[in-house]
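Please look over the sequence and the model shown here. The paragraphs that follow lead through the structure one part at a time.

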Amino acid sequence: MSAATKQKIIESAIRLFNQDGVANVRLQQIADEAGISVGNLAYHYRNKDAIVASVYENLFEEFADILSFYLKGPGLSDFDRQLDLYYDFFAKYKFYLIDLFEVERSHQTIMSAWQQFVAKMLIQIRKRIDYCVQRGLVRPEPIPGIYDTLTHNIWMTIVFWIPQQVLKGQPFSSGHFKHAIWAQISPYLTPRGLTEYESEVQPLGVNP
Amino acid sequence: MGRSFVLSPELYAQVLDQLSSLYFTDKPGYSTDMNFLRDDLWLCDTVVIEHLQARKGLWEVSLVFAHYQMPLRFLARRITHHTCPRRAEMMAFYMRRLAAKDQRGTLRISSESFHTPLN
């Protein structure tokens, strides 16, 4: 079935991109991984650029889904759920960061789409902090501008935590990933926020 | 390929602000808000009309309770369903007799009371 074959090609391409990097993967390898002939692959995608574009299309769709999980619920656990989704996403598409600059050179539209997503992600994190301040879970900004810095630090941890673990040759897990983010937020939690964190977020698998 | 719609960061921030404020502006309701469901004395002065409807391969029996002076004040309740239309009709008849205040059916309303504009 055509749709199933296309999906198989994309999944194989993602596996190989993660393993060897986008630049080092040839069409033959993708075809072998998907268990089809190169001719069949060429029928579905005329060249590697078309596969890369399709992979990124999937990736953007998934990312947009994650962004739509903003304030589905009023508590801190809502952010924790979104962190789970971010973790799954960045673990699945590890190649994105490895090939970030290569992609920037050759696929300008992909890069600009990414920048839009990054901007939305930053706005979401900042607004979430404001919301928690309003709810009395996070202290009002102690030093002007510090929550903007916190926002950037949280964003960097979400995006670059997995690659830095890979770089250090250390294993990575969802619990450790989430702990790295909550560790930055917890110093700003009010006693009420801390109680909510301990009762609702920690049981969801935040591992120190 | 057409250019996709892009929301500016400023507008996106405003949308998120509105979303956040929902949790502060939306308040939980009070039990008295649902009094309109509990205030059912008016049902004493209603005409009960049986209603049969074919639905998902079954004959569904509903009773419509409409106030005899203000027919637009009405309540419809599904009662039961049967595979046989005759049995459903019979059940509707008995259920109506059971529910109606005047079992002989002297209270009447006509469809004209609804003043339904057909255009």
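B:Lys56 counts as exposed because 6 C-beta neighbours lie inside 10 Å. The scale behind that word calls a residue buried if 20 or more other C-beta atoms lie within 10 Å of its own, exposed if 12 or fewer, and partly exposed in between, with C-beta atoms placed from the backbone. B:Lys56 sits in the loop between strand E1 (46-55) and strand E2 (58-67) of chain B. Its phi is positive, about 50°, although B:Lys56 is not a glycine. Most residues other than glycine have a negative phi.

This is a predicted model, in which local features need pLDDT of at least 70 and side-chain atom pairs count only at pLDDT 80 or more, while totals for chains, interfaces and linings use all residues. Residues are numbered from 1 along each chain as its sequence is written, and chains are lettered from A and ligands numbered from 1 in the order in which they are written.

Chain B has three helices and three strands, arranged along the sequence as α-α-β-β-β-α. Helices (H or I, at least four residues) and strands (E, at least two) are DSSP runs, numbered from the N terminus. The strands of chain B form an open sheet of three in the order E1-E2-E3, with antiparallel pairing. E1 and E3 of chain B are the edge strands, each pairing on one side only. On average, neighbouring strands of this sheet are turned by 25° against each other, direction ignored.

Two strands are said to pair if DSSP finds at least two bridges between them. E1(B) and E2(B) run antiparallel and are joined by 10 bridges. B:Ala54 stands opposite B:Trp59 in E2(B). The link from E2(B) to E3(B) is a hairpin of six residues.

B:Ala100 lies in the segment after helix H3 (85-99) of chain B. B:Ala100 is partly exposed because it has 19 other C-beta atoms within 10 Å. The C-alpha atoms of B:Ala100 and B:Phe65 are separated by 8.6 Å, although the two residues are 35 apart along the chain. For chain B as a whole, 11% of the 119 residues are buried. Of the contacts in chain B with a separation of 6 or more, 42% come from residues 24 or more positions apart. Two residues are in contact if their C-beta atoms, placed from the backbone, lie within 7 Å.

Within chain A, helix packing can be followed through helix H10 (residues 174-185). Helix H9 (residues 146-168) of chain A packs against H10(A) at an angle of about 170°, with the axes 10 Å apart. Axes are lines fitted to C-alpha atoms, for helices over the stretch in contact, and angles run from 0 to 180 degrees between N-to-C directions. H9(A) and H10(A) are therefore roughly antiparallel to each other. Angles under 35 degrees count as roughly parallel, over 145 as roughly antiparallel, 65 to 115 as roughly perpendicular and the rest as oblique.

H5(A) and H10(A) pack at an angle of about 125°, with their axes 10 Å apart, and are therefore oblique to each other. The contact is made by A:Asp80, A:Leu83, A:Asp84 and A:Tyr87 of H5(A) and by A:Ser174, A:Phe177, A:Lys178 and A:Ile181 of H10(A). By class, this contact has four nonpolar, one polar and three charged residues.

A:Leu71 is in the loop between helix H4 (48-67) and helix H5 (77-92) of chain A. Its phi is near 50°, a positive value in a residue other than glycine. A:Leu71 is partly exposed, with 18 other C-beta atoms within 10 Å.

Methods. Nonpolar A, V, L, I, M, F, W, Y, C, P; charged D, E, K, R; others polar.
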